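User: I would like to learn how to read strands and packed helices in a model. Please take me through one example.

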Amino acid sequence: MNYISKIFNIILNLIFPPVCGFCNKINNEFLCEKCEQKFEQEKSTTIDNYQNAPVFFDEHLYLFKYKKDIRESIIKYKFDEKSYLYKSFSELFIRDKQFTNQFISNYDIIIPVPIHKKRFKSRGYNQSELIAKDIAKRCKKTYFNNVIIKNNNVVAQSSLDDKLDRIRNIKNAFDVGINIDIIKGKRVAVFDDVFTTGATVNECAKVLKQRGASFVGIFTIAKA
Ligand SMILES: [Zn+2]
């Protein structure tokens, strides 16, 4: 970093100091001690093996059950224009030993679950993209956001309660993007915020496996 950009960053930090995304207290790592302790008590990191299950992904890691404080924070992040929370979420992953040592270290490429262009426009950001990109950067993994694309504007999965409706709604919703050849023979980790029925990530995994990915893992903040 050169001298001028260093000065620029110091000034920027004075005007907009980094805060803990969950409680807004000033904190350089975007996650304060108090919130870390609170989430540490809620956390139940699990890696589920799906290699013998009738799905296209091989494993799934999640940090939390989708309830209490983490559920509230995720909802705020998705629907309340709290895009700055992404650094606090990626911090929760980076500080998790199971995630860094037993999961992400086994992968070549990280991609986010894509959202449709229309949804991106109305929200202004893809919440999964921001977190996945930050984690990839910090774990020194290759990151791509256009390996798969959402090809039709299906109804938001969160608006459907029935499992079968969700599976039907998301079926064939993803298509290959411009970088698809990059995944051939690679181990690909797909990030989504919440794992509910697994229908969405399974459709992503299907495209990846059909195009030659050797192993597909899913990681989410929470599991419903
Ligand atoms: Zn905090």
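User: How many bridges join strand S7 to S8?

Analyst: This is a predicted model, in which local features need pLDDT of at least 70, side-chain atom pairs count only at pLDDT 80 or more, and totals for chains, interfaces and linings use all residues. Residues are numbered from 1 along each chain as its sequence is written, and side-chain values use heavy atoms, leaving out hydrogens and water. Helices (H or I, at least four residues) and strands (E, at least two) are DSSP runs, numbered from the N terminus. Two strands pair if DSSP finds at least two bridges between them. Here S7 (residues 187-195) and S8 run parallel and are joined by eight bridges. In S8, Phe219 is the bridge partner of Phe191.

User: Is S8 mostly covered or uncovered?

Analyst: Buried means under 20% relative accessible area, exposed over 50%, and partly exposed in between (1.4 Å probe, protein chains only). In S8 (residues 215-223), nine of nine residues are buried, and the strand is mostly covered.

User: At what angle do the axes of H3 and H4 cross?

Analyst: Two packed helices are described by the angle and the distance between their axes. Axes are lines fitted to C-alpha atoms, for helices over the stretch in contact, and angles run from 0 to 180 degrees between N-to-C directions. H3 (residues 68-79) and H4 (residues 86-94) cross at roughly 140°, with axes that come within 11 Å. Contact (heavy atoms within 4.5 Å) is made by Ile70, Ser73, Ile74 and Tyr77 of H3 with Tyr86, Phe89 and Leu92 of H4.
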